[in-house]
Amino acid sequence: MKTRPYILAESHFRNLKDASIDLAILPWGATEAHNFHLPYGTDIMESDLLAAESARIAWEAGAKITVLPTIPYGVNTGQHDIFLDMNLNPSTQLAILTDVLEVLDRQGVKKLLIFNSHGGNDFKPMMRELGLGFPEMFISTCNWYQSVNKSEYFDAPGDHADEMETSLLLHLAPELVLPLEEAGDGKEKKSKIKALNENWAWAERKWSQVTEDTGIGNPKLANKEKGAAYFKAVTEKVAELIIDLAACDMENLYG
Ligand SMILES: [Zn+2]
């Protein structure tokens, strides 16, 4: 078995003890129902596999990076009544991030990319607060699912267990996808409050009232070819970000 030197969990102290790492990547998923046909760990697998492939491309281009183990739980406060959807409160996430940053800062790894796979995770307010506490650290985040224009790859819109996620899983872990005839149609009920549908006003959605099957977006047109093309596009785009972050001079970021 060949270990991947850019994955911390597969690295050995013998090789790592004298290494210099510019950027740590922290993939962050969630454990939650994904319509009837995708597994609860969908966001974890996406985190693991998209981060690893993006890191491979960046590593081969010379970036000094390491991918930390994925955090498997996300913020699922709006899904509290959906069976075994796990939840980390935002305050718990802040505590985890604080401890991770404390290690990186002390060890001289001064840049972090939080690689997010789950819409309920919102790291920006935490990053503002952590930036004050760790002034030597450069803390960044990305939502890979916003990195390329989904409509160039998929026909049906959606944002949870939709055509995009189903295609990705058909590419990455087809043995875990149930037959698409068993999937619900992922129909989303819109809010009766007009402004909440216009994306400038916000209230947390009570997921079980918005969708019957937990999905948002019809997965029926998903296939593995679409998943493979999208996987390639996303990982190439994220690799660019990783290369740029690893190389950037934190004292000279603008201009
Ligand atoms: Zn998901």
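**His-118.** I started with His-118, which sits in the loop between β3 (111–116) and α4 (124–133). Helices and strands here are DSSP runs (helices H or I, at least four residues; strands E, at least two), numbered from the N terminus. This is a predicted model, so I noted the limits: local features need pLDDT of at least 70, side-chain atom pairs count only at pLDDT 80 or more, and totals for chains, interfaces and linings use all residues. Residues are numbered from 1 along each chain as its sequence is written, and side-chain values use heavy atoms, with hydrogens and water left out.

Is His-118 buried or exposed? His-118 counts as buried because its relative accessibility is 5%. The cut-offs: buried is under 20% relative accessible area, exposed is over 50%, and partly exposed lies in between (1.4 Å probe, protein chains only).

Next I looked at its partners. The side chains of His-118 and Asn-76 are joined by a polar contact of 3.4 Å. That term means a pair of N or O atoms within 3.5 Å; within protein, one must be able to donate a hydrogen and the other to accept it, and residues adjacent in sequence count only if both atoms are side-chain atoms. Not counting residues up to four places away in sequence, His-118 touches several others, among them Trp-28, Asp-43 and Tyr-145. Contact means heavy atoms within 4.5 Å.

**His-160.** On to another histidine. His-160 lies in strand β5 (residues 158–160) and is buried, at 6% relative accessible area. A polar atom of its side chain lies 2.9 Å from the backbone oxygen of Ala-33. Leaving out residues up to four places away in sequence, His-160 touches, among others, Glu-32, Trp-207 and Thr-214.

**Thr-214.** I followed that last name. Thr-214 is in the loop between α6 (207–210) and β6 (216–217), and at 12% relative accessibility it counts as buried. Its phi is positive, about 75°, although it is not a glycine. I wrote down the background too: most residues other than glycine have a negative phi.

**Leu-84.** Here is another positive phi: Leu-84 has a value near 60°. Leu-84 lies in the loop between β2 and α3, and it counts as exposed because its relative accessibility is 52%.

**Lys-111.** Then I checked a lysine. Lys-111 lies in strand β3 and is buried, with a relative accessible area of 6%. Which backbone oxygen lies 2.9 Å from a polar atom of the Lys-111 side chain? I found that it belongs to Leu-245. Lys-111 and Glu-136 are 25 residues apart in sequence, with their C-alpha atoms 8.8 Å apart in space.

**Cores.** Last, the nonpolar cores. A nonpolar core is a set of buried Ala, Val, Leu, Ile, Met, Phe, Trp, Tyr and Cys residues joined through side-chain atoms within 4.5 Å. How many residues does the largest one have? It has 37, and Ile-25, Ile-65, Trp-144 and Tyr-230 have the most contacts inside it. Elements giving two or more residues to this core include β1 (23–28), α2 (42–60) and α5 (163–172). Helix α7 gives the most, eight residues. Apart from neighbours within four places in sequence, Tyr-230 is in contact with residues including Trp-144, Phe-154 and Leu-168. I also noted a second, separate core of 21 residues, which includes Leu-26, Val-100, Ile-114 and Met-137.
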